[in-house]
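Trainee: I am new to this one. Please take me through it step by step.

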Amino acid sequence: MNEIPVPRDIPLPMPAPEPVLIGVLIIFFLMHIVFVNFMVGGAFLTLWYQLRGLKEKRYDDLAYEIAATITANKSIAVVLGVGPLLAINTLYTVYFYTANALTGAFWISIIPLVITAFVLTYIHKYLWHQMERMKWLHIGLAIVVSLLFLFIPLIFLTNINLMLFPEKWGTIRGFFSALMLPNVFSRYAHFILACPAMTGLLMVWLFRRKNEVEIAATGFERVELIRKGYQWAFWPTAAQFVIGPLALLTLPETQESIHSVIAVFGVAILVSMGMAHLMFTETRRPAETIGKSFAPICALMLVVVGLMGAGRHLYREAAVAPHRELVRAKTEDYMRKVEEANR
């Protein structure tokens, strides 16, 4: 069995109090991931409706409306991602950089992959009408963008998962090795399902606020568009009641107790049930009352997202706590030897 590597930490003071950095990490990451969900889900729904638009033109018009949101959500997601990236670098330096090094080639490939995805997204959006006679080429761009948006989060998730298990570092031989660690695919499925669900709510918000002329340009009635948004929100959320518990049950054991983690995720499941019930009710509402529960659904979604973020942080702390003590002891021993050598 390989010995667990115990590197030294960097003996530098924190740039801010630890609770502040933890708050930045959790709050800004959750804000970031919501807009990532909008971006990725928007790409999926755009592709879906473009394909349906091959037979019925109004679906192509609907795809155009959704595609118009992707670049804005992309920009917001990128900006909001800076804070949590800096915070995780500071709070989990040893763990984050070790995971990056172990998957080096794929980790650094995120930069060209993201650039490519964003450029293709702009081409797909702004040349929409010019490519009307090259529809399959245009759809091909949407397929490539969707595949890139599927793969890039998998790299991030694999690295974030790898940093939690120092005992596995000695056995990892690159990205695909790290990809096979427990919990990666269940967490990935959990993320993927969240994308169309969140984008469904975005559709409801978008089409509730458009004026009658803009709605008429889509070829749909307003109530149809709102109902489609709720359907996109409900069905992936319903699937989460299978995938979510699976992700929880496949969490590797830790030396520290994770009772608080289970309690937080348990509350999140209960809140999600109430939210899903409201979503399903909205899909059945008559035209004159549809949208009545939009605000409560969004409020419950915020609660669920917050609980998910808190639960993940608690698990992350429990997973690395024993190894952190080893790193702290080794760092103190190293600093003591440095002081002795300087006498």
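Mentor: Start with a term: buried means under 20% relative accessible area, exposed over 50%, and partly exposed in between, with a 1.4 Å probe and protein chains only. This is a predicted model, where local features need pLDDT of at least 70, side-chain atom pairs count only at pLDDT 80 or more, and totals for chains, interfaces and linings use all residues. Residues are numbered from 1 along each chain as its sequence is written, and side-chain values use heavy atoms, without hydrogens and water.

Trainee: How many disulfides does a search of the whole structure find?

Mentor: A disulfide is a pair of cysteine sulfur atoms within 2.5 Å. For Cys-195, the nearest cysteine sulfur is that of Cys-298, 17 Å away. The search of the whole structure gives zero.

Trainee: How many helices does the chain have?

Mentor: Helices (H or I, at least four residues) and strands (E, at least two) are DSSP runs, numbered from the N terminus. The chain has zero strands. Its helix count is 11.

Trainee: How far apart are the end C-alpha atoms of helix α7?

Mentor: Helix α7 covers residues 184–209, which is 26 residues. The expected span is 1.5 Å times one less than the number of residues. That gives 38 Å, and the ends agree, at 38 Å.

Trainee: How many residues of α7 are buried?

Mentor: α7 is largely enclosed by the rest of the structure. Of its 26 residues, the buried ones number 20.
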